[in-house]
Amino acid sequence: MDFSNALLTWVTFAPLVGVLVILLIPNGRESVIRWLAMAASLAAFAISLFLLAQFDSTNPALQMVERRAWFSLAGVEIEYFLGVDGLSVLLVLLTTFLTPIAILSTWMAVEERVKEFMVFFLLLEIGMVGVFLAQDLFLFYIFWEFTLVPMYFLIGIWGGPRRVYAAIKFFLYTMAGSILMLLAILWLGIQFESFAVPDLIATANIPGNIQTWLFLAFAAAFAIKVPMWPLHSWLPDAHVEAPTAGSVILAGVLLKMGTYGFVRFNIPLFPQAAVQLAPYMALLAVIGILYGAAVSYAQKDVKKLVAYSSVSHLGFVVLGLFALNPQGIQGGILQMVNHGLSTGALFIIVGMIYERRHTREMDAFGGLWKVMPIYGAMTLIVTLSSMGLPGLNGFVGEFTILLGSFGSEAIGSSIYAGLAAAGVILAAIYMLFMFQKLFLGPVDKEENKNLQDLNLREIVTLVPLLVFIFWIGLYPKPFFSLMAPSVEKLVSVLGTASMAVR
Amino acid sequence: MLLEDLLSILPLVIVAGWATILVIIDLFIPKERKGITAALAALGLVAAAVAAILQFGQSKTLFGGMLLLDGFASFLQILFLGAGLLAIAQAFDYLRRREIERGEYYTLLMFSISGMMLMSMAGDLIVIFIALELLSIPLYILSGFARPQPVSEEAALKYFILGAFASGFMVYGIALIFGTTATTSLAGILNAFAASPGVPALAMVGGALVLVGLGFKVAAVPFHMWTPDVYVGAPTSVTAFMSVGAKAGGFAALLRMLIAAFPDAAAAWGPVTMWIAALTMTWGNVAAIAQSNIKRMLAYSSIAHAGYIFMALPSAAVAGVAPEAVRGALFYLMAYAITNLGAWGVVLAMEKAEGAGLEIDDYAGLGKRRPIMALAMALFMLSFTGVPPTVGFIGKFYLFRAAIDANLIWLALVGVITSLISAYYYLRVVVVMYMRPGEPETQNEPLLNSTVWLAAIGTFVFGVLPSPLLALAHMAELIRL
């Protein structure tokens with residue numbers, strides 16, 4: 001197989017090589033296993049950079065397409081069909097970028113059953129990258145469901161005290177949504193005799209009322225994954241119980257699979273339904289923003305606070321996407337990346353303090369800045385990024401989203417954008433509140449007086465994230481230009497649909 | 001003519017004939033060397049399997065329509081013979097461990113297989129009945145093979161009495177059909193129905209009674225009552241084979257009879273089978289949640305899977321969907337056979353000599369103690385649930401597709417929702433194996449292990465590359481009567 005012709009296969013399945021090698025290493029040689037996992041994930045990252053170099057950002061179409069017949073079921077060809085475009089390229093990079101960082105964060109935290117941990121982690125990476133690259137609905141569904149399995153084990157084996165409950169809840173919730181999507185996929189396959197997404201977009205002429213049903217079936221899967229209010233209740237459990245690296249990937253990438261699903265499938269496949277339902281999606285998104293923020297404020301456990309803040313932040317993403325105009329969608333996609341970076345960093349930060357103190361209660365801390373200045377400074381940057389301070393990445397994303405939703409024809413009212421803006425203020429309140437409780441004031445707890453500041457490995461874990469937090473905040477143009485043509489193309493599909501609705 | 005017909009049923013002749021001879025040979029094999037009987041039985045099955053594979057693709061009517069050889073029959077014969085081989089491999093060490101090793105185990109198994117093979121070829125209601133008895137009676141005996149243990153005897157008696165009852169229904173049904181159509185051949189029934197203006201009411205009643213009899217065999221709700229007790233009481237190696245073979249045998253008759261011979265009555269059996277499918281999926285999965293014994297759990301799970309396969313029948317009642325529905329059912333039967341024999345293999349490995357070690361909680365710590373076996377079991381559980389990349393997922397995808405194609409969207413919805421329910425109890429096994437500490441004792445028998453590995457590889461490989469199995473199912477056409 002020629003490397004450059006099968007680039008997407010390589011980037012997806014590079015971690016599999018690592019898995020196979022790790023399986024051959026005997027138990028007990030933990031450090032070898034760790035380095036191998038690191039090498040495999042870095043290899044995938046290197047390939048994804050090569051992919052980026054090959055990527056033509058002026059071309060709105062799918063690129064580096066690999067399309068082969070896989071098997072035929074009941075006369076319908078099911079294809080191994082991978083492709084990347086402006087909607088997915090950043091998410092692929094985010095995945096391959098966060099995975100080595102997450103693995104690095106486990107260096108000291110995971111000491112039991114390291115081999116299995118790394119195997120599941122790399123398998124998870126395969127599933128996630130596959131989700132972002134698959135262009136055949138069947139193939140997509142396989143990757144989508146497959147991500148459940150390793151994540152279930154990661155939470156269930158290496159998680160906190162209520163890990164089994166959280167793992168099963170995670171599995172059942174997600175599966176509940178995806179089975180409805182499965183039925184919709186089957187229906188599409190029967191009606192149009194193809195599972196290839198570009199073909200379906202081009203040829204399928206789905207009547208409006210059926211579009212609504214299909215939209216809802218797909219949305220069930222994605223809304224649970226995002227998670228959108230009121231389907232979010234699995235998230236706090238999964239996050240709190242998951243090991244640090246699991247939380248990083250869960251928040252950083254897995255949740256994006258939901259929002260990505262909206263852009264890749266719901267909007268272009270069912271444009272009329274998307275236009276019609278946009279106000280309702282926006283309403284749920286805004287409720288999520290405000291609810292997530294309010295609940296975050298009430299948390300005493302830092303990890304729970306960050307988990308609920310995800311509900312709020314992803315509300316912004318959904319709001320942007322369903323503005324259905326270029327700014328909104330671009331902002332939404334960029335905010336997916338931003339949230340991956342900031343929240344990923346926040347979970348790593350929480351994990352670092354947990355490793356030292358084995359508690360995450362905010363009341364147990366205070367004045368940490370004096371004891372751990374490097375840690376404090378890095379946390380401050382990430383906190384400010386998460387609440388959307390100008391000059392950092394969060395601001396760029398949220399601002400673009402608000403801009404898009406404010407003028408959105410599809411949403412139809414600027415009230416949503418106005419309420420969402422209030423969410424930005426609430427984010428500042430709960431994030432700063434957390435920072436204050438942890439880092440400011442006197443060091444009044446005996447246990448906190450001798451805490452070690454970050455070591456070199458921990459600094460190396462966080463610095464790459466901080467680089468991108470600043471980069472996107474100060475100069476977001478290259479990121480926007482990667483996705484702009486594809487987003488324009490998507491919006492043009494919607495233009496015709498909204499004509500049909502009116 | 002007769003010779004040609006005999007040649008066409010060569011696989012069946014080999015199995016039945018060899019079993020008869022083996023009964024006698026076994027008398028001369030010393031008690032402590034019954035492995036020879038097992039090996040000879042396996043040899044017979046392999047020979048029959050070769051013959052069945054060579055026949056694949058032929059399509060003809062034999063013995064004046066009494067028997068039919070078509071892709072459908074060949075596909076199922078390969079399934080029965082493959083399952084039989086795995087069953088022998090699984091039984092060998094297990095019987096020795098339980099100290100119930102007797103040569104007739106293997107010959108009875110072969111007789112049962114010959115009944116199943118006959119069932120797949122049956123072109124006449126009488127043949128269906130004979131095949132049903134031929135496959136059932138050895139299973140009644142095998143269920144009681146662990147005598148004088150009361151559970152095993154109870155299982156045999158229960159299975160026998162309820163089975164005989166179901167056979168009674170079936171014979172009565174056949175009599176009623178014969179009474180209205182003056183024939184028992186499936187082709188004759190088809191013609192009689194086509195000639196008359198609508199299906200006579202008595203024939204409908206007869207068909208319903210036959211459905212009861214076969215519904216009993218495949219363990220469909222509401223004829224499933226025997227299943228949990230018999231599955232738990234019978235020696236585990238028997239249960240493993242029974243759950244695959246008897247079910248596939250029952251479906252062989254159901255599919256051929258309803259689709260090939262009774263298409264004119266589809267308006268009647270379509271809704272009936274639809275409700276049976278919905279009820280079976282729901283009850284099997286819901287009741288499985290409450291089980292703490294793995295044999296009992298797998299018994300309810302086998303009921304649930306009968307429900308999924310049953311979905312093919314109402315789908316096939318819609319003209320045009322029938323061929324794909326049959327293929328879907330056959331594919332699912334194969335997927336279920338692979339996954340199920342693998343899962344029972346793990347149960348066999350976990351069962352202690354005196355019959356303990358069958359609680360799900362006994363699996364605690366298996367993930368650490370026997371990582372590969374636990375991984376295989378986890379794979380089987382995911383395949384049962386229908387999570388990709390496993391063959392169980394492709395199977396469900398195929399069956400749900402047929403249901404949606406037949407516009408039975410609500411039935412497909414019941415299917416996916418009950419799959420979600422099933423995730424709960426299948427995952428519990430995974431939870432216990434990986435997430436609870438424990439030091440389980442397991443058997444490490446090479447033959448048994450190899451059946452588990454084989455099933456695990458099949459579950460995964462056919463989940464990623466289902467083409468060979470799909471091609472096989474594609475060739476499995478029902479002959480036109």
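Two residues are in contact if their C-beta atoms, placed from the backbone, lie within 7 Å. The model is predicted: local features need pLDDT of at least 70, side-chain atom pairs count only at pLDDT 80 or more, and totals for chains, interfaces and linings use all residues. Residues are numbered from 1 along each chain as its sequence is written, while chains are lettered from A and ligands numbered from 1 in the order in which they are written.

By this contact criterion, Leu183(A) touches Ala217(A), Phe400(B), Ile404(B), Ala412(B), Leu413(B) and Val416(B), neighbours within four places in sequence being left aside. Leu183(A) and Phe322(A) have the most contacts inside the largest nonpolar core, a set of 413 residues. Such a core is a set of buried Ala, Val, Leu, Ile, Met, Phe, Trp, Tyr and Cys residues joined through C-beta atoms within 7 Å. A residue is buried if 20 or more other C-beta atoms lie within 10 Å of its own, exposed if 12 or fewer, and partly exposed in between. Helix 15 (residues 322–350) of chain B gives the largest share of the core, 21 residues.

Chain A comprises 20 helices and two strands. Helices (H or I, at least four residues) and strands (E, at least two) are DSSP runs, numbered from the N terminus. The radius of gyration of chain A, taken over C-alpha atoms, is 22 Å, close to the 23 Å that the globule rule gives for 502 residues, so chain A is as compact as a globular protein of that length. The rule is 2.2 Å times the number of residues to the power 0.38. Along the principal axes, the C-alpha atoms of chain A fill a box of roughly 70 × 55 × 40 Å. Of the 502 residues in chain A, 62% are buried. Among contacts in chain A with a separation of 6 or more, 81% link residues 24 or more positions apart.

The contact between the chains takes 23 residues from chain A and 24 residues from chain B. On the side of chain A, two or more residues each come from strand 1 (63–73), helix 5 (137–146), helix 6 (148–158) and helix 7 (163–192). Helix 7 of chain A gives the largest share, twelve residues. By class, the side of chain A that touches chain B has 21 nonpolar, one polar and one charged residues. Here Ala, Val, Leu, Ile, Met, Phe, Trp, Tyr, Cys and Pro count as nonpolar, Asp, Glu, Lys and Arg as charged, and the others, Gly among them, as polar. Helix 6 of chain A is mostly covered, with eleven of its eleven residues buried. Among them are Tyr152(A), Phe153(A) and Trp158(A).

Helix 7 (residues 150–181) of chain B has 32 residues. From first C-alpha to last, this helix reaches 46 Å, close to the 46 Å expected at 1.5 Å a residue, that is, 1.5 Å times one less than its number of residues. Its buried residues, including Tyr159(B), Gly163(B) and Met170(B), pack against helix 6 (125–143), helix 8 (186–195), helix 9 (201–218) and helix 10 (226–233) of chain B. Just after helix 7 of chain B, Ala182(B) takes a positive phi of about 60°.

Several loops carry backbone features. A cis peptide bond joins Val226(A) and Pro227(A), with omega about -10°. The bond from Trp229(A) to Pro230(A) is also cis, with omega near 5°. Pro227(A) is found in the loop between helix 9 (208–225) and helix 10 (234–241) of chain A. In chain B, Glu99(B) has a positive phi of about 60° and counts as exposed, with 9 C-beta neighbours inside 10 Å.
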